[in-house]
Amino acid sequence: MANKKGNKKSKDIDIKATKKGVRVKAKGGKATTISYSSKLFISIAVVVLLVVTAVLIFRFGFSTQWNDFISKFKPNGVEGNPDGDLAVHFLDVGQGDCIIIQLPDGKNAIIDAGGDSKNTTNERCEDRILNNINELKITTFEYMFLSHTDADHVDYMDSVLENYDVKNIYRPAFNSTLERDKNVNPQYGTIETVTYNNFIKAVENEVKEIGAKVILNIGKLDPIVGEGYRFDIYGVAEEWYRMDKVGTEGQIDAKERNKISPMILLSYNGENNIRRIMFTGDAEGKGGNGGEGLFLNGYKDNIDIDLLKVGHHGSSSSASEDFLDRLDPEYAVISVGVENNHGHPNQNCLDRLANYSDGKGQKGIQVYMTRECGDIIFRVNKKGVMTFYTDIDRVAV
């Protein structure tokens, strides 16, 4: 009969709590009882208490540093990019957007960084963003895209710039008050918010410190071509930034701020399939800010995508029928707060997604929402196989 080591039990040291104290007995030796009132026991208890207190203070008082420390001991899992896959992380940042993209050649990109604590964890949004970046062991972003100037997209972009190197920064052409006072591009309107001003200050510092390149989101930009992937960036025409078109400072309303969101198309060249994802910022269709219409009318590219990041958190006019017909997505992600004051996602938008038909047999678009799924990770491997990972479950598609 084979000898199974697991059947044999052996205890070299026996420790037992008694009424008088802690009884310790080594194998083959005499038992010793450490009295609860002894100096040795009290010293051990104090040391344990101090260690536990220090860990708790570090964990909950300095959560960003804690996660950075813990991430050093984590093996690469779904969060990493060990196999040269494409991984797109839609972070659950409540009512806002933050998307981190791990590209197959090891480079990284980020689209927007804003939101609030109305997420599935109630974690402070800035901490949530920085913790995720640290857990992914990212130190440098090759590309940063700011879709538009609203706080729920720009709030923590300055924190990202201050904590990590960013080599290429794509930004709206609207001036901040800092740029207005310097008479930079005086033909463009000015956004007076503190958050946008902080972002521009951080951008200027990044240019000085590491020579970051800054590109304005105007017109169709030069494509970004990497190893196995490509970004096509469809910006709005320059007129939508001009002061004589949209006004200046306090005159620029929410629709004008949102409609300038560029359409960012990411294509991944798998061995068997090309997979495409469209990022839309806060663009909407008819009845909304009209950003989708600017794309449809300005660009005639025939694009068949796999995944759509629905604009403006699933507002009533987002993902219009014309827009869906042009793009023909199979899946959609909506970044939206657990509790928000905007009624997002709107049922009209959800109905259009559910009832969409491409005329070739597809009925409905499968939707993932951060308020239900938490963080959503869309991964494509080299063979073009797509998989969704969420904080709740994992679905292979």
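The largest nonpolar core of this predicted model has 39 residues. By nonpolar core I mean buried Ala, Val, Leu, Ile, Met, Phe, Trp, Tyr and Cys residues joined through side-chain atoms within 4.5 Å; buried is under 20% relative accessible area, exposed over 50%, and partly exposed in between, with a 1.4 Å probe and protein chains only. Among the residues with the most contacts inside this core are Ile 110, Ile 129, Phe 141 and Phe 199.

At least two core residues come from each of strands S5 (98-102), S6 (108-113), S7 (140-145) and S8 (165-171), and from each of helices H3 (125-135), H5 (157-163) and H7 (194-210). Helix H7 gives the largest share, 5 residues. Helices (H or I, at least four residues) and strands (E, at least two) are DSSP runs, numbered from the N terminus.

Beyond its neighbours within four places in sequence, Phe 199 has contacts, meaning heavy atoms within 4.5 Å, with residues including Met 144, Leu 161, Ile 169 and Arg 171. A second, separate core of 32 residues includes Tyr 170, Ile 224, Phe 231 and Tyr 368.

I turn now to strand S4. In S4 (residues 86-90), 5 of 5 residues are buried: Leu 86, Val 88 and Phe 90 on one side, Ala 87 and His 89 on the other. S4 runs antiparallel to S19 (residues 376-380), with 5 bridges joining them, and His 89 has Ile 377 as its bridge partner there. S4 also pairs with S5, again antiparallel, over 4 bridges; pairing requires at least two DSSP bridges between two strands.

On method, residues are numbered from 1 along each chain as its sequence is written, and side-chain values use heavy atoms, without hydrogens and water. Local features need pLDDT of at least 70 and side-chain atom pairs count only at pLDDT 80 or more, whereas totals for chains, interfaces and linings use all residues.
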